[in-house]
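Subject: Structure handover

Hello,

Here is the structure I said I would pass on. My notes follow below it.

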Amino acid sequence: MKISILDDYFDTLRTLACFRKLAGHEVTVWNDHVQEADALADRLRETEALVLIRERTQIRAPLLERLPNLKLISLRSVYPHIDIDACTRLGIMVCSNLHMDTPSYATAELTWGLVLAAMRQIPQQVAALKNGTWQTGVGSMVRGKTLGIYGYGRIGQVIANYGKTFGMKVCVWARENSLARARADGYEASPSKDAFFETCDVISLQMRLVDGTRGIVKLRDLALMKPTALLVNTSRAGLIEPGALVSALRAGRPGMAAVDVYEVEPSVGAANPLLAMDNVVCTPHIGYVAREEYELQFADIFDQIVAYAAGAPINIVNPKVAP
């Protein structure tokens, strides 16, 4: 098959052991990011199988309708960036292993790194030192403080364990079945959403972005947080009401944020006010960007291509297209 891989910024995939799964196929890897439909249609004109790296490129009907040879889109994540209805109408199969078997330890590790970086002001201290200033403020420890996990899924469970290991009290707010799991694991379930935002010193958002969770965190919720509290988001920016985080930070509740995800990505320069705030630690959506995580993700993605080529597709998102 003629396979195209988009947005491999650092030409990493060819260096992975799992890349050998595509031996015998004609593979083209693109290392830059292009979103314009004309440019993408030109690049993908002969493509039969398209590999996407998470949500870096939007795949919508105007583009899909210009790709007559496309038969398969293979990825390993949720797919709000893909027009599934258009794919089904055009006979394009979408396959995605939603990694239901394992948490993203890479994302969990980055989340915890952001917690420590923000609480101890590590990026600010490093930048000041390089600019000739010796110490710029006093940070805070996490030990003895309350870590709030909003959404007790696979990644949330890992982060809760990190908090416990660092001597934090862990409090959870989630759906009732998730709260039951948290209680069974020995963690406290918050009595209410308001109490959760009012009492936690660090809150980590750990939910999938679906219709039911879009904008689930309101400005009102953030305004309940302590002026010393930290909000961390390594899940999806859409979990927070648009503009609410910037407004809340400017109002001083919470006092800090650490984010890896943005309403518009890539997000650089003056286009995003979060990037200019001294009380915000920002990373460029790198939660999953680790070699070990790539090996896991792309082994599944390439397996989906191999299975399709063999006439036995797996992890089909739109089964109406299945043979």
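I start with one glycine. Gly144 sits in the loop that runs between helix H5 (122-130) and E6. Please keep in mind that this is a predicted model. Gly144 counts as exposed, because its relative accessibility is 64%. Setting aside neighbours within four places in sequence, Gly144 is in contact with Gly167 and Met168. Another glycine gives a distance to check. Gly144 and Gly163 are 19 residues apart in sequence, and their C-alpha atoms are 9.9 Å apart in space.

**The sheet with E6**

E6 belongs to an open sheet of 7 strands. The order is E8-E7-E6-E9-E10-E11-E12, and the pairing is parallel. Which strands stand at the edges? They are strand E8 (188-189) and strand E12 (280-282). Each has a single partner strand, so one side of each is left without a neighbour in the sheet.

Helix H6 (residues 154-165) packs on this sheet. H6 touches E6, strand E7 (169-173) and strand E9 (202-205). The direction of H6 makes about 175 degrees with that of E6.

Val259 has Cys282 as its bridge partner in E12. Cys282 is partly exposed, with a relative accessible area of 28%.

**Ala108**

Ala108 is in helix H4 (residues 105-119). Is Ala108 buried or exposed? Its relative accessible area is 0%, so Ala108 is buried. Not counting residues up to four places away in sequence, Ala108 touches Ile155, Val158, Ile159 and Tyr162.

In E4, Ile73 is the bridge partner of Leu50. Strand E3 (residues 49-51) and strand E4 (residues 72-75) run parallel and are joined by 3 bridges.

The sheet is open and has 5 strands, in the order E2-E1-E3-E4-E5. Its pairing is parallel. Strand E2 (26-29) and strand E5 (93-96) are at the edges. Each of these has a single partner strand, so one side of each lacks a neighbour in the sheet. From one strand to the next, the twist averages 20 degrees.

H11 packs on this sheet. H11 touches strand E1 (2-5), E3, E4 and E5. Its direction makes about 155 degrees with that of E4.

**Aromatic rings**

How many aromatic pairs does the structure hold? There are 11. One of them is Tyr150 with Phe196. The geometry is edge-to-face, with 5.8 Å centre to centre and 65 degrees between the planes. This pair links distant parts of the chain. Tyr150 is in strand E6 (residues 146-150) and Phe196 in helix H8 (residues 193-199), 46 residues apart. Tyr150 is buried, with a relative accessible area of 4%. Phe196 also counts as buried, at 0% relative accessibility.

Next come Tyr294 and Phe298. Their ring centres are 5.4 Å apart and their planes stand at 65 degrees, so this pair is edge-to-face. Tyr294 and Phe298 are about one helical turn apart, because they are separated by 4 residues in helix H11 (residues 291-309). Tyr294 and Phe298 are both buried. Ring pairs also link Phe19, Tyr288, Tyr294, Phe298 and Phe302 into a cluster.

Two arginines lie over ring faces. Arg54 lies over the face of Tyr288, 4.6 Å from the ring centre. Arg56 lies over the face of Tyr9, 4.0 Å from the ring centre.

**Cysteines**

How many disulfides are there? The count is 0. Cys18 is in no disulfide, and the nearest cysteine sulfur, that of Cys95, is 17 Å away. The cut-off for a disulfide is 2.5 Å between the sulfur atoms. Cys18 counts as buried, at 6% relative accessibility.

That is the set of findings I wanted to hand over.

Best regards

Technical notes:
Residues are numbered from 1 along each chain as its sequence is written. This is a predicted model: local features need pLDDT of at least 70, side-chain atom pairs count only at pLDDT 80 or more; totals for chains, interfaces and linings use all residues. Side-chain values use heavy atoms; hydrogens and water are left out. Buried means under 20% relative accessible area, exposed over 50%, partly exposed in between (1.4 Å probe, protein chains only). Rings of Phe, Tyr and Trp (its six-membered ring) pair if their centres lie within 6.5 Å; planes under 30 degrees apart count as stacked, over 60 as edge-to-face and the rest as tilted. Helices (H or I, at least four residues) and strands (E, at least two) are DSSP runs, numbered from the N terminus. A charge sits over a ring if NZ of Lys or CZ of Arg is within 6 Å of the ring centre and within 35 degrees of the ring normal. Two strands pair if DSSP finds at least two bridges between them. Axes are lines fitted to C-alpha atoms, for helices over the stretch in contact, and angles run from 0 to 180 degrees between N-to-C directions. Contact means heavy atoms within 4.5 Å.
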